[in-house]
Number of protein chains: 2
Amino acid sequence: MKRLSEYAMEVEEALRDLNIGDMQPATLYAPVAYAMEAGGKRIRPTLLLMAAEAFGLAAAKAMPAALAIELFHNFTLLHDDVMDKSEMRRNRETVVKRFGADAAILSGDAMLGLAEEQIFGVEDGKYRRVMEIFNRMSKDVYAGQALDMEFEGRDNVTVEEYVEMIRLKTGALLGAAAEIGGVLAGVNDKVAGKLREYGENLGLAFQIEDDWLDTFGDAATFGKQIGGDINNKKKTYLLISGLNAGNEEAKALKVAVNELPAGDMKVKTVKRIYEKMHLDEIGRKDALKYSAKAMKAAKATGLDESQLDSFKYLVDRLSGRKK
Amino acid sequence: MKRLSEYAMEVEEALRDLNIGDMQPATLYAPVAYAMEAGGKRIRPTLLLMAAEAFGLAAAKAMPAALAIELFHNFTLLHDDVMDKSEMRRNRETVVKRFGADAAILSGDAMLGLAEEQIFGVEDGKYRRVMEIFNRMSKDVYAGQALDMEFEGRDNVTVEEYVEMIRLKTGALLGAAAEIGGVLAGVNDKVAGKLREYGENLGLAFQIEDDWLDTFGDAATFGKQIGGDINNKKKTYLLISGLNAGNEEAKALKVAVNELPAGDMKVKTVKRIYEKMHLDEIGRKDALKYSAKAMKAAKATGLDESQLDSFKYLVDRLSGRKK
């Protein structure tokens, strides 16, 4: 089994070979180069390459599509950071903070153009099919972001609605990465569908785990300050599950989140209510449920145990049990 | 010869048939529907359909690509209006003014996704070629917008640089529209190149004429207030030509544009300097130069005189001699 970090290194090298920093006009591409240099775990292209190799296609042949997926992901971060007015990402200033909103918008657009340009590098006979997956995925991601923004202003979001939102916003891209990897390797429609299912559920497990870590994680390994979601009144899996419980704790939770001023006391209070509602355990368990769904889909692709190892490893890593 | 307004009506109908207003989530697509309802002259899809029919392909077969071009154009307006903080367009509030910047950014992204989705409607064997033209065009348009923004902060922009900027920002899209129309109808690479050349030069003539009209036009027929560019210190063909003249008037122009407070007196003063420099005539003549280049390219496609009529009509209309 090839280690996931090897794929990530190959992606890093292929990204460097694009020489984005030399593209003209510099005012358009310098923010793109800056964003791509920030690194990150390169999970999505890794998944694409891993799926391609599992079905017999050398990673190098799948690399153009992997780069497209990673560029697309970073394009969405650029635009999301403008909308969220985020100032920091991966321990550096965001593009919007450093270059301004106009550059973040326009360079984001250019990044999407660059992403799609990479897809011309896939085999001719596969180009249209890959674009179909890519196009549907992009529309899903925008829909997910729209719902996420809509939910912030609504008080009655159900757990089902929240799960559908993260399926679109986070799951669709991982699903498309796995599916494209398979399609490039020539799998049939059924297997392609199972690969997508694997990626989507991996995304759900990852997002629910991420929500959990923001409240119950360890600041040192999580890499962000604990309690940020609580202080920002962010609609997370924990908060929505809690608010929908329909009991006394749900009422107390609503008051605590909406009325307490941001700060350590608020984080502590909300955390205590979550624990009283057993959401610390439930949140974790639900993440595991989606991890299990992901692995069930992976097994249904017909890969043998040894090939499934990397699919399992990725699930474990993203759902927080391996770092 | 089919009238250009007939193409525009067919485009309008096909846009209505997309039922964008019914697309979900509504928060994502309502701004898209609003933007597309605003109308406009539908020049770009008209050009695409016209080029397709001139080379023997029925407009209906080229409609998916025509819709893609029109959606793309409107997507760029959404993002441009955020960057320019524009409040009005086509006598209505802009999307950014009505729905806010976040919606304008995200719905713009969705609009681009919708544009590219239309291209799946073209004949299978042409899909990749159309996407290649579309992708290159999109990167040119972003580069043009980046240069436009860059020029606002620079004092030494040359006429050549300005022309290259509008070639990218305005010419590339019209060039791609004409080229795609031809490609769908099966023209060879040489003819496709000439069609692109026609569209690009049409765009240059149009933009230079538009710059001229903003200063020397008639408010009633121009549809915008005269002198807006002068009051906004906008780098236009007239201003850049004037500043680069290297004489006493150029110095006076620089002072007038930079030092005078916005208002009628400023517009009058700058206009008088332009007239002294004969830029009222030169601007017009240069627009005509690009119109002539456009028609030369159109003729080089090998179309006969009667077929060239609509290409001529479009040039005359966009360069302001027919409305």
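**Exercise 1.** How much area do chain B and chain A bury between them, and what share of it is on carbon and sulfur atoms?

*Solution.* A word on the ground rules: this is a predicted model, where local features need pLDDT of at least 70, side-chain atom pairs count only at pLDDT 80 or more, and totals for chains, interfaces and linings use all residues. Residues are numbered from 1 along each chain as its sequence is written, chains are lettered from A in the order in which they are written, and side-chain values use heavy atoms, with hydrogens and water left out.

Step 1: buried area is the accessible area (1.4 Å probe) that two parts lose on being put together, summed over both. Step 2: for this pair, the value is about 3,300 Å², with 65% on carbon and sulfur atoms. Step 3: B:Leu106, B:Phe120 and B:Arg128 supply 20% of the area that chain B buries against chain A, more than any other three residues.

**Exercise 2.** Find how many salt bridges link the chains, and name one.

*Solution.* Step 1: look for a side-chain nitrogen of Lys or Arg within 4 Å of a carboxyl oxygen of Asp or Glu. Step 2: the count is four. Step 3: one of them pairs A:Glu117 with B:Lys139, whose closest N and O atoms are 2.6 Å apart.

**Exercise 3.** Work out how the two copies are related.

*Solution.* Step 1: superpose by least squares on the C-alpha atoms of residues with pLDDT of at least 70 in both. Step 3: that is the relation of a two-fold axis.
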